[in-house]
Amino acid sequence: MTQEKPQDGCCDAAAPLSDKTVVQPGKSALIKRLARIEGQVRGISGMVEADRYCVDILTQVAAVKSALDAVSMQLLENHMKGCVARAMHQGDATGMVTELIDVVKKKCAEPRRRKGVRMKTPLAVLLSLVSALATAGPIPFEVYIKLHKGMSEAELVSQAGAPDYSSNGPTVKTKDANAVVETSTRTLSWLANDEVPYTTTVTLSNGVVMDISRDKKL
């Protein structure tokens, strides 16, 4: 019997963890990004072999880490929009969310600390995003007053939870003296309910909060 091919962005939730399969949206683009990272790692090996200056090597290592973080964020977005969204629609997302939290917790088991304060590593931000997904809803006043212009989308969602709706605005290109600058806008909305009768709307520009509004449900 031929097994049905999984839909884009949706895991085969009935299979054991090690046997799950998924067709990644934008699979070819992800493979290209990983190939570039593989080339960067080979380049770092060559730099060590050639006795290059330490700081030059560390700069390339940092670039690889940043690139891997970007891949992680893309995979997480695909998983949430596909696998987790489908499970939520079917009313059975608890196991999938718990599974993802457990995976991320393993990576955050020994967070870096500075003067006793827990630092926000990229994986810690991912953990906050996943946790927020399970508790999304209208934004309570005590959370709303902590939101501010200039915070990143990751920080916003980690505090406010996943929005009910999101929409992307047009990308505007402008020229300065040296290059073409692209500006993309995005609007996120948290809808009111009977307990919290306020709808909160946040506008972001290039992933940074630019405006926050709050309207009472009539």
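Here is a quick tour of this protein, starting with the overall layout and ending with a few side chains.

## The overall layout

What you're looking at is a predicted model. The protein has six helices and six strands.

How much of the protein counts as buried? Of its 218 residues, 27% do.

Now for contacts. Take those in the protein with a separation of 6 or more: 46% of them link residues 24 or more positions apart.

## A look at helix α1

Helix α1 covers residues 27–49, so 23 residues in total, and at 1.5 Å a residue you'd expect a span of 33 Å. The expected span counts one less than the number of residues. In the model, the end C-alpha atoms of α1 are 33 Å apart, which agrees with that expectation.

Which residues of α1 are buried? They are Leu30, Ile37, Ile44 and Met47. After α1 comes Asp51, and its phi is positive, near 60°.

## Rings and charges

How many aromatic pairs are there? The count is zero, going by a rule that asks for ring centres within 6.5 Å.

A ring does turn up next to a charge, though: the charged end of Arg214 sits over the ring of Tyr144, 4.6 Å from the ring's centre.

Technical notes: Residues are numbered from 1 along each chain as its sequence is written. This is a predicted model: local features need pLDDT of at least 70, side-chain atom pairs count only at pLDDT 80 or more; totals for chains, interfaces and linings use all residues. Side-chain values use heavy atoms; hydrogens and water are left out. Rings of Phe, Tyr and Trp (its six-membered ring) pair if their centres lie within 6.5 Å; planes under 30 degrees apart count as stacked, over 60 as edge-to-face and the rest as tilted. A charge sits over a ring if NZ of Lys or CZ of Arg is within 6 Å of the ring centre and within 35 degrees of the ring normal. Helices (H or I, at least four residues) and strands (E, at least two) are DSSP runs, numbered from the N terminus. Buried means under 20% relative accessible area, exposed over 50%, partly exposed in between (1.4 Å probe, protein chains only). Contact means heavy atoms within 4.5 Å.
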